[in-house]
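This report covers the fold and a few individual residues of one protein chain. The sequence and model come first.

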Amino acid sequence: MDGGIAVSAGMTPRDGDRLTVRGLVGSGVDAATARQAAGLAARNALAAITEAIPGSSRLRRCLRMTVYVACAEGFTELSAVADGASDGLAEALADHAARSGADEPTVTALPARSAIGVRSLPSGAPVEVELTASVRESAAGPAGLADPAGPAAPAGPADPVDVRTDVPDVVTDDVPDDLPAGGPANDRRG
């Protein structure tokens with residue numbers, strides 16, 4: 001979690017340490033089974049986020065969910081499989097809201113979602129779900145104690161940050177001599 005945003009790793013349909021289903025959707029795994037697996041993976045992603053929220057911070061809302069589907073060539077029912085992730089997440093969010101006493105309707109709102117077909121996923125999983133959520137950070141630190149220095153001021157124009165410190169130098173030996181200044185995006189020749 002950083003700056004009120006929590007991001008899960010890609011979560012597969014695991015029950016404890018056991019992957020519940022393996023294979024390609026559309027070739028060995030049918031869409032209904034993959035849909036159930038996507039629901040479990042989404043619940044696992046939400047559990048990972050809620051376990052990572054420190055102290056008295058609270059889940060505010062889920063912002064984005066990406067559902068990767070390992071599928072056979074020609075499989076096009078990606079949204080039907082991802083619907084299982086949305087259903088599983090909706091169920092898990094309702095349970096979370098009830099347990100935590102959340103009174104904001106945004107806690108149970110579903111996030112924006114993408115469904116992406118891929119050739120394979122870790123351990124042969126048919127689906128993997130990544131989740132991004134916003135978190136209402138508490139004023140208390142990790143141990144539940146308020147920071148005596150007060151909240152940190154956000155970086156702004158008075159606090160410049162060099163975002164290129166970890167960027168390697170660009171090698172330009174392969175750039176054609178006739179490339180216009182500023183690169184192809186500035187080439188207005190048509």
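## Burial and basis of the model

Buried means under 20% relative accessible area, exposed means over 50%, and partly exposed lies in between, using a 1.4 Å probe and protein chains only. C71 has a relative accessible area of 9% and is therefore buried. C62 counts as buried too, because its relative accessibility is 1%. Of the 190 residues in the protein chain, 31% count as buried.

The model is predicted: local features need pLDDT of at least 70, side-chain atom pairs count only at pLDDT 80 or more, and totals for chains, interfaces and linings use all residues. Residues are numbered from 1 along each chain as its sequence is written, and side-chain values use heavy atoms, with hydrogens and water left out.

## Elements and overall values

The protein chain holds 2 helices and 8 strands. These are DSSP runs numbered from the N terminus: helices are H or I with at least four residues, strands E with at least two. Read from the N terminus, the order is β-β-β-β-β-α-β-α-β-β.

Contact means heavy atoms within 4.5 Å. Among contacts between residues at least 6 apart in sequence, 83% join residues at least 24 apart. The accessible surface of the protein chain is about 11,700 Å², and 51% of it belongs to carbon and sulfur atoms; areas come from the Shrake-Rupley method with a 1.4 Å probe, and for residues only the protein chains shown count as cover.

## Sheet and helices

An open sheet of 4 strands has the order β1-β8-β6-β7, with mixed pairing. Its edge strands, β1 (5–7) and β7 (112–118), each pair on one side only. From one strand to the next, the twist averages 20°. Two strands pair if DSSP finds at least two bridges between them. β1 pairs with β8 (residues 127–136) in the antiparallel sense over 3 bridges, and V7 has T132 in β8 as its bridge partner.

Helix α1 (residues 31–52) packs on the sheet and touches β1, β6 (58–70) and β8, with its direction at about 35° to that of β8. Helix α2 (residues 78–100) lies across β6, β7 and β8 and runs at about 155° to β6. Axes are lines fitted to C-alpha atoms, for helices over the stretch in contact, and angles run from 0 to 180 degrees between N-to-C directions.

## Loop glycine and disulfides

G74 sits in the loop between β6 and α2. Its relative accessible area is 64%, so G74 is exposed. G74 and G26 are 48 residues apart in sequence, with a C-alpha to C-alpha distance of 8.3 Å.

How many disulfides does a search of the whole structure find? The search finds 0, a disulfide being a pair of cysteine sulfur atoms within 2.5 Å.
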